[in-house]
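Subject: Structure handover

Hello,

Here is the structure I promised to pass on. Please open it and keep it in view while you read.

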Amino acid sequence: MGIKRVSVIGAGQMGSGIAQVAAQSGFPVVLLDTKEEFVQKGFNTIAKNLDRSVSKGRITEEEKAEILNRITTTTDMEDAARDADIVIEAVIENMGVKTEVFRQLDELCPGHAILASNTSSLPITEIAAATKRPEQVIGMHFMNPVPVMKLVEVIRGLATSDEVFQTVMQLAGEMGKHPVEVNDFPGFVSNRVLMPMINEAIYAVYEGVATPEAIDEVMKLGMNHPMGPLTLADFIGLDTCLYIMETLYEGFGDSKYRPCPLLRKYVKAGWLGRKSGRGFYVYE
Ligand code: CAA
(Lines give C-alpha, C1' and ligand atoms only; values in the text may rest on other atoms or scores of the structure.)
Protein backbone atom coordinates (compact mmCIF):
# COMPACT_ATOMS: atom_id res chain seq x y z
CA MET A 1 0.00 0.00 0.00
CA GLY A 2 1.41 3.43 -0.94
CA ILE A 3 0.97 6.46 1.33
CA LYS A 4 -0.19 9.63 -0.42
CA ARG A 5 -1.65 11.77 2.35
CA VAL A 6 -0.32 12.25 5.86
CA SER A 7 -2.05 13.75 8.90
CA VAL A 8 -0.27 14.74 12.09
CA ILE A 9 -2.09 15.07 15.42
CA GLY A 10 -0.37 17.54 17.75
CA ALA A 11 1.53 20.61 16.53
CA GLY A 12 4.11 20.79 19.33
CA GLN A 13 7.86 20.35 18.94
CA MET A 14 7.59 16.78 17.61
CA GLY A 15 4.34 17.11 15.63
CA SER A 16 5.43 20.25 13.79
CA GLY A 17 8.79 18.63 13.00
CA ILE A 18 7.06 15.53 11.60
CA ALA A 19 4.70 17.71 9.52
CA GLN A 20 7.70 19.65 8.20
CA VAL A 21 9.65 16.60 7.03
CA ALA A 22 6.52 15.03 5.49
CA ALA A 23 5.73 18.24 3.56
CA GLN A 24 9.39 18.63 2.55
CA SER A 25 9.23 15.10 1.15
CA GLY A 26 6.28 16.05 -1.07
CA PHE A 27 3.32 14.75 0.98
CA PRO A 28 0.18 16.84 1.46
CA VAL A 29 -0.11 17.17 5.24
CA VAL A 30 -2.96 18.05 7.58
CA LEU A 31 -1.64 19.34 10.92
CA LEU A 32 -4.06 19.35 13.85
CA ASP A 33 -4.02 20.66 17.38
CA THR A 34 -6.77 21.40 19.87
CA LYS A 35 -6.52 25.20 19.64
CA GLU A 36 -5.89 27.56 16.73
CA GLU A 37 -3.02 29.25 18.61
CA PHE A 38 -1.24 25.88 19.02
CA VAL A 39 -1.47 24.99 15.30
CA GLN A 40 -0.32 28.49 14.36
CA LYS A 41 2.67 28.20 16.69
CA GLY A 42 3.61 24.86 15.08
CA PHE A 43 3.16 26.28 11.59
CA ASN A 44 5.30 29.32 12.45
CA THR A 45 8.09 27.06 13.75
CA ILE A 46 8.06 25.21 10.41
CA ALA A 47 8.15 28.53 8.51
CA LYS A 48 11.10 29.71 10.65
CA ASN A 49 13.04 26.46 10.03
CA LEU A 50 12.42 26.81 6.29
CA ASP A 51 13.56 30.46 6.38
CA ARG A 52 16.86 29.22 7.82
CA SER A 53 17.13 26.69 4.98
CA VAL A 54 16.50 29.48 2.45
CA SER A 55 19.14 31.72 4.02
CA LYS A 56 21.63 28.82 3.92
CA GLY A 57 20.85 28.31 0.22
CA ARG A 58 19.49 24.79 0.69
CA ILE A 59 16.05 25.64 -0.72
CA THR A 60 14.66 28.56 -2.72
CA GLU A 61 11.87 30.95 -1.65
CA GLU A 62 9.59 29.17 -4.18
CA GLU A 63 10.37 25.75 -2.69
CA LYS A 64 9.67 27.12 0.78
CA ALA A 65 6.28 28.41 -0.40
CA GLU A 66 5.48 25.04 -2.02
CA ILE A 67 6.33 23.16 1.19
CA LEU A 68 4.18 25.49 3.31
CA ASN A 69 1.34 25.20 0.77
CA ARG A 70 1.31 21.44 1.27
CA ILE A 71 0.42 21.94 4.95
CA THR A 72 -3.21 22.50 5.94
CA THR A 73 -3.86 23.33 9.58
CA THR A 74 -7.02 22.46 11.48
CA THR A 75 -8.54 22.01 14.92
CA ASP A 76 -11.22 19.60 13.66
CA MET A 77 -10.43 15.90 13.96
CA GLU A 78 -12.72 15.08 11.01
CA ASP A 79 -10.56 17.25 8.70
CA ALA A 80 -7.45 15.41 9.83
CA ALA A 81 -9.04 11.97 9.52
CA ARG A 82 -11.15 12.19 6.34
CA ASP A 83 -8.58 11.61 3.56
CA ALA A 84 -5.61 10.31 5.52
CA ASP A 85 -3.67 7.25 4.42
CA ILE A 86 -1.67 7.50 7.64
CA VAL A 87 -2.17 9.55 10.78
CA ILE A 88 0.88 10.14 12.97
CA GLU A 89 -0.10 11.03 16.53
CA ALA A 90 2.27 13.26 18.52
CA VAL A 91 0.20 14.41 21.50
CA ILE A 92 1.18 14.49 25.18
CA GLU A 93 2.70 11.29 26.66
CA ASN A 94 -0.39 10.20 28.54
CA MET A 95 -2.04 6.85 27.88
CA GLY A 96 -5.57 8.18 28.55
CA VAL A 97 -5.17 11.06 26.09
CA LYS A 98 -3.53 8.87 23.45
CA THR A 99 -6.13 6.10 23.60
CA GLU A 100 -8.93 8.67 23.29
CA VAL A 101 -7.24 10.16 20.18
CA PHE A 102 -6.85 6.67 18.68
CA ARG A 103 -10.46 5.75 19.48
CA GLN A 104 -11.66 8.88 17.62
CA LEU A 105 -9.29 8.33 14.70
CA ASP A 106 -10.45 4.73 14.39
CA GLU A 107 -14.03 5.95 14.04
CA LEU A 108 -13.30 8.80 11.62
CA CYS A 109 -10.48 7.53 9.35
CA PRO A 110 -10.96 5.52 6.15
CA GLY A 111 -10.77 1.75 6.72
CA HIS A 112 -7.37 1.42 5.01
CA ALA A 113 -5.69 4.18 7.08
CA ILE A 114 -2.68 3.35 9.24
CA LEU A 115 -2.66 4.86 12.75
CA ALA A 116 0.88 5.54 13.98
CA SER A 117 2.03 6.89 17.34
CA ASN A 118 5.17 8.94 17.98
CA THR A 119 5.11 7.82 21.61
CA SER A 120 8.56 7.73 23.18
CA SER A 121 7.84 4.82 25.52
CA LEU A 122 4.15 3.89 25.90
CA PRO A 123 3.14 0.39 24.74
CA ILE A 124 1.93 0.35 21.12
CA THR A 125 -0.01 -2.86 21.83
CA GLU A 126 -2.08 -1.09 24.50
CA ILE A 127 -2.72 1.96 22.27
CA ALA A 128 -3.75 -0.43 19.46
CA ALA A 129 -6.22 -2.17 21.76
CA ALA A 130 -8.26 1.06 21.92
CA THR A 131 -9.08 0.59 18.21
CA LYS A 132 -10.86 -1.98 16.09
CA ARG A 133 -7.85 -2.10 13.73
CA PRO A 134 -4.90 -3.15 15.95
CA GLU A 135 -3.14 -4.71 12.92
CA GLN A 136 -2.99 -1.19 11.40
CA VAL A 137 -1.52 0.47 14.51
CA ILE A 138 2.26 0.97 14.77
CA GLY A 139 4.89 3.12 16.50
CA MET A 140 6.84 5.71 14.52
CA HIS A 141 9.21 7.27 17.03
CA PHE A 142 11.01 10.31 15.63
CA MET A 143 13.89 12.00 17.46
CA ASN A 144 14.15 15.63 18.48
CA PRO A 145 14.90 17.87 16.55
CA VAL A 146 12.92 15.96 13.93
CA PRO A 147 14.20 17.87 10.86
CA VAL A 148 17.81 17.05 11.83
CA MET A 149 17.83 13.56 13.37
CA LYS A 150 17.99 10.62 10.96
CA LEU A 151 16.43 7.88 13.08
CA VAL A 152 12.85 6.66 13.20
CA GLU A 153 12.25 3.70 15.52
CA VAL A 154 9.48 1.67 13.93
CA ILE A 155 7.74 -0.27 16.67
CA ARG A 156 5.66 -3.32 15.94
CA GLY A 157 2.77 -3.90 18.33
CA LEU A 158 1.70 -7.46 19.06
CA ALA A 159 -0.93 -7.35 16.29
CA THR A 160 0.80 -5.07 13.71
CA SER A 161 0.60 -6.68 10.26
CA ASP A 162 3.67 -7.24 8.07
CA GLU A 163 2.09 -5.15 5.31
CA VAL A 164 1.60 -2.14 7.62
CA PHE A 165 5.14 -2.57 8.97
CA GLN A 166 6.62 -2.60 5.42
CA THR A 167 4.53 0.43 4.39
CA VAL A 168 5.75 2.44 7.37
CA MET A 169 9.40 1.42 6.85
CA GLN A 170 9.08 2.64 3.26
CA LEU A 171 7.35 5.87 4.31
CA ALA A 172 10.10 6.67 6.82
CA GLY A 173 12.64 6.25 4.01
CA GLU A 174 10.60 8.50 1.72
CA MET A 175 10.63 11.10 4.52
CA GLY A 176 14.44 11.04 4.39
CA LYS A 177 14.80 9.09 7.62
CA HIS A 178 16.55 5.85 8.51
CA PRO A 179 13.98 3.44 10.01
CA VAL A 180 15.03 0.78 12.51
CA GLU A 181 12.73 -2.10 13.50
CA VAL A 182 12.08 -2.54 17.20
CA ASN A 183 9.65 -4.70 19.20
CA ASP A 184 7.17 -3.35 21.72
CA PHE A 185 8.87 -3.25 25.14
CA PRO A 186 9.00 -0.31 27.58
CA GLY A 187 11.19 2.51 26.26
CA PHE A 188 11.76 0.56 23.01
CA VAL A 189 15.53 0.77 22.35
CA SER A 190 16.24 4.51 22.22
CA ASN A 191 14.88 5.45 25.62
CA ARG A 192 15.77 2.16 27.30
CA VAL A 193 19.40 2.99 26.64
CA LEU A 194 19.37 6.81 26.70
CA MET A 195 17.22 7.53 29.78
CA PRO A 196 19.14 5.38 32.31
CA MET A 197 22.28 7.26 31.17
CA ILE A 198 20.58 10.61 31.74
CA ASN A 199 19.16 9.39 35.09
CA GLU A 200 22.65 8.25 36.14
CA ALA A 201 24.07 11.68 35.22
CA ILE A 202 21.39 13.23 37.46
CA TYR A 203 22.42 10.83 40.28
CA ALA A 204 25.99 12.05 39.81
CA VAL A 205 24.79 15.64 40.43
CA TYR A 206 22.59 14.47 43.36
CA GLU A 207 25.51 12.68 45.02
CA GLY A 208 27.88 15.60 44.49
CA VAL A 209 30.22 13.67 42.17
CA ALA A 210 30.56 16.69 39.88
CA THR A 211 28.74 19.79 38.66
CA PRO A 212 26.31 19.56 35.69
CA GLU A 213 28.89 21.44 33.58
CA ALA A 214 31.63 18.95 34.47
CA ILE A 215 29.44 15.92 33.80
CA ASP A 216 28.42 17.30 30.41
CA GLU A 217 32.03 18.08 29.53
CA VAL A 218 33.09 14.52 30.39
CA MET A 219 30.48 13.03 28.07
CA LYS A 220 31.03 15.57 25.27
CA LEU A 221 34.81 15.53 25.21
CA GLY A 222 35.31 11.97 26.39
CA MET A 223 32.57 10.18 24.47
CA ASN A 224 32.01 12.57 21.58
CA HIS A 225 28.34 13.07 22.44
CA PRO A 226 27.02 16.19 20.66
CA MET A 227 25.36 17.35 23.90
CA GLY A 228 26.14 16.33 27.47
CA PRO A 229 23.41 14.25 29.20
CA LEU A 230 22.16 17.13 31.38
CA THR A 231 21.99 19.61 28.49
CA LEU A 232 20.14 16.89 26.59
CA ALA A 233 17.77 16.27 29.53
CA ASP A 234 16.93 20.01 29.59
CA PHE A 235 16.42 19.88 25.81
CA ILE A 236 14.07 16.86 25.99
CA GLY A 237 12.22 18.24 29.04
CA LEU A 238 12.71 16.96 32.59
CA ASP A 239 9.02 16.05 32.89
CA THR A 240 9.38 13.84 29.81
CA CYS A 241 12.57 12.27 31.22
CA LEU A 242 10.79 11.50 34.50
CA TYR A 243 7.77 10.09 32.69
CA ILE A 244 9.96 7.76 30.63
CA MET A 245 11.92 6.59 33.69
CA GLU A 246 8.62 5.86 35.44
CA THR A 247 7.44 3.90 32.40
CA LEU A 248 10.65 1.82 32.48
CA TYR A 249 10.47 1.35 36.26
CA GLU A 250 6.82 0.27 36.15
CA GLY A 251 7.18 -1.76 32.96
CA PHE A 252 10.14 -3.87 34.12
CA GLY A 253 9.65 -3.67 37.91
CA ASP A 254 13.44 -3.41 38.23
CA SER A 255 15.05 -0.98 40.69
CA LYS A 256 17.80 -0.16 38.19
CA TYR A 257 15.25 2.12 36.50
CA ARG A 258 14.28 4.09 39.63
CA PRO A 259 14.05 7.81 38.81
CA CYS A 260 16.58 9.94 40.69
CA PRO A 261 14.93 11.90 43.56
CA LEU A 262 16.59 15.07 42.25
CA LEU A 263 14.80 14.63 38.92
CA ARG A 264 11.47 14.35 40.77
CA LYS A 265 12.31 17.43 42.83
CA TYR A 266 13.11 19.55 39.76
CA VAL A 267 9.90 18.49 38.03
CA LYS A 268 7.87 19.28 41.17
CA ALA A 269 9.52 22.72 41.27
CA GLY A 270 8.46 23.33 37.68
CA TRP A 271 12.11 23.26 36.54
CA LEU A 272 11.39 21.40 33.31
CA GLY A 273 14.45 22.41 31.30
CA ARG A 274 14.63 24.71 28.31
CA LYS A 275 10.87 25.03 27.86
CA SER A 276 10.34 26.45 31.38
CA GLY A 277 13.52 28.56 31.36
CA ARG A 278 15.28 26.50 34.02
CA GLY A 279 16.44 22.93 34.52
CA PHE A 280 20.05 21.91 35.14
CA TYR A 281 20.90 25.18 33.43
CA VAL A 282 19.18 28.58 33.27
CA TYR A 283 17.87 29.80 29.90
CA GLU A 284 17.22 33.44 29.09
N1 CAA B 1 14.96 22.40 14.41
C2 CAA B 1 15.49 22.35 13.16
N3 CAA B 1 16.81 22.38 12.91
C4 CAA B 1 17.64 22.50 13.96
C5 CAA B 1 17.17 22.58 15.28
C6 CAA B 1 15.75 22.52 15.49
N7 CAA B 1 15.21 22.56 16.71
N8 CAA B 1 18.23 22.67 16.12
C9 CAA B 1 19.33 22.67 15.34
N10 CAA B 1 18.98 22.56 14.04
C11 CAA B 1 19.89 22.49 12.89
C12 CAA B 1 20.66 23.77 12.71
O13 CAA B 1 19.95 24.67 11.89
C14 CAA B 1 21.93 23.30 12.03
O15 CAA B 1 21.71 23.12 10.65
P16 CAA B 1 22.94 23.28 9.60
O17 CAA B 1 23.99 22.31 10.01
O18 CAA B 1 22.33 22.95 8.31
O19 CAA B 1 23.39 24.69 9.73
C20 CAA B 1 22.16 21.91 12.62
O21 CAA B 1 20.89 21.49 13.17
C22 CAA B 1 23.21 21.93 13.71
O23 CAA B 1 22.80 22.90 14.68
P24 CAA B 1 23.80 23.86 15.48
O25 CAA B 1 25.02 24.09 14.65
O26 CAA B 1 23.03 25.02 15.96
O27 CAA B 1 24.15 23.07 16.80
P28 CAA B 1 24.75 21.63 16.99
O29 CAA B 1 25.82 21.31 16.00
O30 CAA B 1 25.06 21.54 18.44
O31 CAA B 1 23.54 20.63 16.70
C32 CAA B 1 21.82 19.30 17.57
C33 CAA B 1 22.34 20.72 17.39
C34 CAA B 1 21.53 18.66 16.22
C35 CAA B 1 20.54 19.40 18.38
C36 CAA B 1 22.96 18.47 18.32
O37 CAA B 1 23.36 19.15 19.47
C38 CAA B 1 22.51 17.09 18.68
O39 CAA B 1 22.53 16.18 17.88
N40 CAA B 1 22.10 16.89 19.98
C41 CAA B 1 21.61 15.64 20.45
C42 CAA B 1 20.18 15.49 20.06
C43 CAA B 1 19.59 14.21 20.54
O44 CAA B 1 20.21 13.39 21.18
N45 CAA B 1 18.30 14.02 20.21
C46 CAA B 1 17.57 12.89 20.64
C47 CAA B 1 16.83 13.28 21.88
S48 CAA B 1 15.94 11.93 22.52
C49 CAA B 1 14.52 11.94 21.66
O50 CAA B 1 14.20 12.78 20.90
C51 CAA B 1 13.66 10.79 21.92
C52 CAA B 1 12.80 10.82 23.10
O53 CAA B 1 11.86 10.06 23.07
C54 CAA B 1 13.02 11.63 24.29
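First, the ground rules. This is a predicted model, in which local features need pLDDT of at least 70 and side-chain atom pairs count only at pLDDT 80 or more, while totals for chains, interfaces and linings use all residues. Residues are numbered from 1 along each chain as its sequence is written, and side-chain values use heavy atoms, with hydrogens and water left out.

Helices α8 and α10

Start with helix α8 (residues 190-206) and helix α10 (residues 229-236). Helices (H or I, at least four residues) and strands (E, at least two) are DSSP runs, numbered from the N terminus. The axes of α8 and α10 lie 9 Å apart, and the packing angle is about 115°. Axes here are lines fitted to C-alpha atoms, for helices over the stretch in contact, and angles run from 0 to 180 degrees between N-to-C directions. The two helices α8 and α10 are therefore roughly perpendicular. The cut-offs are these: under 35 degrees is roughly parallel, over 145 roughly antiparallel, 65 to 115 roughly perpendicular, and the rest oblique.

Which residues of α8 and α10 meet? From α8 come Leu 194, Met 195, Met 197, Ile 198, Ala 201, Ile 202 and Val 205. From α10 come Pro 229, Leu 230, Leu 232, Ala 233 and Ile 236. Contact means heavy atoms within 4.5 Å. The residues of this contact are 12 nonpolar, no polar and no charged. For that count, Ala, Val, Leu, Ile, Met, Phe, Trp, Tyr, Cys and Pro are nonpolar, Asp, Glu, Lys and Arg are charged, and the others, Gly among them, are polar.

Look at Ile 198, which sits in α8. Ile 198 has 1% relative accessibility, so it counts as buried. Buried means under 20% relative accessible area, exposed over 50%, and partly exposed in between (1.4 Å probe, protein chains only). Leaving out residues up to four places away in sequence, Ile 198 touches Pro 229, Leu 232, Ala 233, Ile 236 and Cys 241.

Helices α11 and α12

Next, helix α11 (residues 238-252) and helix α12 (residues 261-269) cross at roughly 135°, and their axes come within 9 Å. They are therefore oblique to each other. On the α11 side, the contact uses Leu 238, Asp 239, Cys 241, Leu 242 and Glu 246. On the α12 side are Leu 263, Arg 264, Tyr 266 and Val 267. This contact has six nonpolar residues, no polar and three charged.

Ser 117 is in strand β5 (residues 114-117). At 0% relative accessibility, Ser 117 is buried. Its side chain reaches the backbone nitrogen of Thr 119 at 3.0 Å.

Gly 15 belongs to helix α1 (residues 13-24). Gly 15 is buried too, at 0%. Gly 15 and Ile 92 are 77 residues apart in sequence, with their C-alpha atoms 10 Å apart in space.

Backbone details

Most residues other than glycine have a negative phi, and most peptide bonds are trans. Now check these places. The peptide bond from Asn 144 to Pro 145 is cis, with omega near 0°. Phe 188 has a positive phi, near 50°. Asn 224 also has a positive phi, near 60°.

Are Phe 188 and Asn 224 buried or exposed? Phe 188 is buried, at 2% relative accessibility. Asn 224 is exposed, at 69%.

Best wishes

Notes:
A polar contact is a pair of N or O atoms within 3.5 Å; within protein, one must be able to donate a hydrogen and the other to accept it, and residues adjacent in sequence count only if both atoms are side-chain atoms.
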